[in-house]
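Good morning, everyone, and thank you for making the time.

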There are 2 protein chains.
Amino acid sequence: MADGVDSLMYDLGAGKSAIREVFEQTMELKQQGVTDFWDYSIGNPNVPVAPQVTEAIREALEDYESVDLHGYPPNNGYLTTRQAVAANLNRRFDAHARAGEIAMTAGCAGAISSTIAATTRAGEEVIIPTPYYAEYRMWVQAWHCNVVEVPTQSETFQLDIDAIEEAINPKTRMVIINTPNNPTGAVYTKDSIIALAALLRRKSKELGQTIYLLSDEPYREIVYDGKQNPWVAAYYENTIVCYSWSKSLSLAGERVGYVWVPGTVRHAERVYDAILGAQRVTATVMNSLFNRVLEKCVDLPAPVEEYARKRDLLYGGLTDIGYDVVHPDGAFYLWVRALEPDDDAFQARAANEQRLYVVGSRDFACRSYFRLSYCVSDECIKTSLPAFRRLFESYGGYAW
Amino acid sequence: MADGVDSLMYDLGAGKSAIREVFEQTMELKQQGVTDFWDYSIGNPNVPVAPQVTEAIREALEDYESVDLHGYPPNNGYLTTRQAVAANLNRRFDAHARAGEIAMTAGCAGAISSTIAATTRAGEEVIIPTPYYAEYRMWVQAWHCNVVEVPTQSETFQLDIDAIEEAINPKTRMVIINTPNNPTGAVYTKDSIIALAALLRRKSKELGQTIYLLSDEPYREIVYDGKQNPWVAAYYENTIVCYSWSKSLSLAGERVGYVWVPGTVRHAERVYDAILGAQRVTATVMNSLFNRVLEKCVDLPAPVEEYARKRDLLYGGLTDIGYDVVHPDGAFYLWVRALEPDDDAFQARAANEQRLYVVGSRDFACRSYFRLSYCVSDECIKTSLPAFRRLFESYGGYAW
């Protein structure tokens with residue numbers, strides 16, 4: 001450890017994730033003017049932002065005095081913005097949400113980081129089904145807690161309730177789920193959520209302590225083929241919902257989201273206040289301009305059809321070639337078995353030989369797969385298929 | 001401690017600061033349509049945002065594809081934005097700053113919180129001259145470090161170098177300074193910064209460990225009467241600069257700032273990487289729209305004359321009545337001796353009897369003073385003076 005440089009923050013955050021490493025490689029290519037490559041690395045939405053959002057920004061610039069628009073909002077966001085969020089949840093999910101239970105946050109990242117900080121103590125455990133979004137691990141470890149990885153079911157990548165039960169012990173404080181799932185695109189079944197709720201309720205009672213269910217829902221609206229994503233909070237009273245408009249409104253870089261602590265959560269008000277405390281401590285409150293913008297935009301639909309079309313295009317193309325692809329019911333990722341067991345090596349070969357920038361599965365606590373983020377242009381998908389074919393052929397298909 | 005509610009985050013952040021308590025009281029009055037009160041509580045700039053900023057937002061909406069404008073930027077901000085910041089520092093301070101040493105942050109809060117997280121270890125000490133901005137304490141304690149409060153000189157509120165020397169011990173990792181100062185308005189002299197640098201250099205050597213100087217500079221440009229705020233980084237090689245446009249461009253709610261780790265800092269690259277790590281962990285990266293906006297606006301001047309006029313108006317009015325006021329050389333706060341030793345009681349009486357919303361000095365680790373944030377309208381200042389007079393007379397002046 002270098003004199004004066006904290007090892008925890010360096011170790012947790014300074015080492016680049018595989019995702020950001022690829023993302024930065026492709027950013028550099030772009031800056032160099034290189035264009036003949038295919039970037040499937042990051043979940044940066046490519047569907048244009050709805051004109052209503054742009055219009056809401058313009059209107060905010062007109063409608064408010066600049067000092068009011070750009071001045072400090074309350075740390076939990078404007079009341080009217082939180083009322084709009086509550087109304088949206090109540091209309092769609094009969095959620096019984098109140099504005100006082102909602103806090104605007106700097107995206108899902110801010111919501112999740114604050115929620116973990118507020119509800120865990122050092123040494124406790126957080127169960128996360130694998131494969132999972134890599135940043136969870138960092139947010140858990142930052143608060144001196146431990147991640148307990150529990151595999152999902154093979155092939156379907158649905159929750160394995162028995163495996164979760166085995167992992168629960170007196171140190172368990174939280175389970176994090178993410179449906180529709182990044183990276184697998186699995187949409188958890190209603191039955192599996194009901195079973196998980198029953199398990200957590202029983203175990204909370206047995207152990208005499210609340211086990212929270214953190215439901216990370218940035219892909220909530222991106223579900224295909226008329227499937228339904230379960231509304232998790234309806235099934236388990238100690239659910240805390242983290243949301244972001246990053247994906248549904250293509251606002252990933254604006255860091256806009258919220259956390260909802262339903263009134264059913266044990267000590268709900270204290271949990272809410274602790275989350276606000278954590279937001280102050282970690283400086284993850286939402287910026288004021290977008291507080292105003294989102295007040296008008298919470299009811300806009302997500303571009304589901306766009307992403308469904310891209311899914312079909314890429315899924316169809318890759319399975320035709322012979323790739324072993326999980327059929328995603330939601331989100332905008334394809335989870336594909338790698339052509340060799342070492343997904344790091346596969347990631348490097350795809351980039352070096354075919355300029356296909358994909359993300360190996362190591363970051364997702366799972367080996368021998370790779371992830372494609374298909375929030376890219378249809379053109380990108382179409383032109384990349386011959387490169388995917390050449391890659392497949394260079395390996396001679398799946399030799400393992 | 002309630003089951004499942006972390007006490008540290010609750011204790012650190014859920015208890016409202018005196019500032020935010022008053023701020024929220026006044027927000028509630030406003031929402032009720034009450035107008036006959038005077039709000040001196042919070043440093044929420046009231047000088048309108050420069051039209052160039054509003055124009056830069058409009059231009060960004062025109063000039064970029066929406067998915068590029070609102071998509072993920074690099075975590076440390078766009079290269080071109082960081083280049084603009086470096087050029088600004090180099091032009092004004094001959095700073096030798098490079099874009100690779102700068103990271104865009106969610107305001108000073110994000111910059112300071114990440115810097116402390118990245119450079120301290122549990123159990124270490126951070127020295128802060130009193131009185132000081134209350135949030136520092138929280139950011140230090142969140143990472144399990146301890147604040148060591150060292151009084152400044154009485155009357156002038158300048159640094160007391162001997163007192164700082166006495167406080168330094170093998171656990172000392174950092175000193176935080178803030179010039180121009182919130183809450184006193186003191187602008188530290190160049191000589192005091194030179195003396196502090198010599199002390200820290202000598203002690204770092206003696207103790208065999210780097211003592212960082214975190215220079216929190218949101219009021220850097222708001223200095224009156226031709227005085228010069230010292231450019232701290234020029235005098236001490238292990239200075240880390242935290243900046244925000246909250247005050248200089250009236251963008252407090254947008255959470256826009258940066259941290260600069262000069263190349264002279266020991267293990268500068270590792271410190272920078274650790275700060276980026278902490279930013280990822282705490283989710284305090286800057287939003288993408290304002291990355292673009294600030295690229296164009298970093299050279300805009302702060303509205304110094306406006307605030308100087310307000311200072312003169314309020315300082316003159318209060319001293320005429322008989323208040324004991326520190327004459328501020330910078331920032332936009334007046335630091336006034338309370339009319340009774342108990343500043344909590346004074347704060348309450350001012351609000352209840354005269355509807356004067358001021359902040360008692362407890363939050364600033366100092367007693368028997370109160371702070372007035374004079375980033376308010378001239379009208380507010382003028383109409384409040386009779387109320388200040390009535391309050392003064394009701395106490396019979398300073399009886400202690």
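Let me begin with a question: which residue stands opposite A:Trp335 in β13(A)? Please keep in mind, while you look for it, that what we have here is a predicted model. The residue that stands opposite A:Trp335 is A:Arg371, and the two strands concerned, β10 (residues 333-337) and β13 (residues 369-373) of chain A, run antiparallel and are joined by five bridges.

Those two strands belong to an open sheet of four strands in chain A, in which the order is β9-β10-β13-β12 and the pairing is antiparallel. At the edges of this sheet lie β9 (325-326) and β12 (359-360) of chain A, each of which pairs on one side only.

Turning to chain B, we again find an open sheet of four strands, with antiparallel pairing and the order β9-β10-β13-β12. Its edge strands are β9 (325-326) and β12 (359-360) of chain B, and each of them has pairing on one side only. Here I would like to look at the β12 end, where β12(B) pairs with β13 (residues 369-373) of chain B in the antiparallel sense over two bridges. Within that pairing, B:Val359 has B:Arg371 in β13(B) as its bridge partner.

Now to the helices. Two packed helices are described by the angle between their axes and the distance between the axes, and I will follow that scheme for each pair.

In chain A, helix α6 (residues 107-119) packs against helix α10 (residues 268-282) at an angle of about 120°, the axes being 8 Å apart. These two helices, α6(A) and α10(A), are therefore oblique to each other, and their crossing is right-handed. From α6(A) the contact takes A:Ser114, A:Thr115, A:Ala117, A:Ala118 and A:Thr119, while α10(A) contributes A:Val271, A:Ala274, A:Ile275, A:Ala278, A:Gln279 and A:Thr282. Sorted by class, the contact of α6(A) with α10(A) has six nonpolar and five polar residues, and no charged ones.

The second pair in chain A consists of helix α13 (residues 343-354) and helix α14 (residues 378-395), whose axes come within 10 Å and cross at roughly 120°. That angle makes α13(A) oblique to α14(A), and α13(A) passes α14(A) in a right-handed crossing. On the α13(A) side, the contact is made by A:Phe346, A:Arg349, A:Ala350, A:Glu353 and A:Gln354, and on the α14(A) side by A:Ala387, A:Arg390, A:Leu391, A:Ser394 and A:Tyr395. The residues of this contact between α13(A) and α14(A) divide into five nonpolar, two polar and three charged.

For chain B, helix α13 (residues 343-354) and helix α14 (residues 378-395) pack at an angle of about 120°, with axes 10 Å apart, which makes α13(B) oblique to α14(B). The crossing of α13(B) past α14(B) is right-handed, and among the residues that make the contact are B:Phe346 and B:Arg349 of α13(B) together with B:Leu391 and B:Tyr395 of α14(B). By class, the contact of α13(B) with α14(B) has five nonpolar, two polar and three charged residues.

Finally, how are the chains related?

Note on methods. Residues are numbered from 1 along each chain as its sequence is written. Chains are lettered from A and ligands numbered from 1 in the order in which they are written. This is a predicted model: local features need pLDDT of at least 70, side-chain atom pairs count only at pLDDT 80 or more; totals for chains, interfaces and linings use all residues. Side-chain values use heavy atoms; hydrogens and water are left out. Two strands pair if DSSP finds at least two bridges between them. Axes are lines fitted to C-alpha atoms, for helices over the stretch in contact, and angles run from 0 to 180 degrees between N-to-C directions. Angles under 35 degrees count as roughly parallel, over 145 as roughly antiparallel, 65 to 115 as roughly perpendicular and the rest as oblique. A crossing is left-handed if the near helix is turned anticlockwise from the far one by less than a right angle, and right-handed if clockwise. Contact means heavy atoms within 4.5 Å. Ala, Val, Leu, Ile, Met, Phe, Trp, Tyr, Cys and Pro count as nonpolar, Asp, Glu, Lys and Arg as charged, and the others, Gly among them, as polar.
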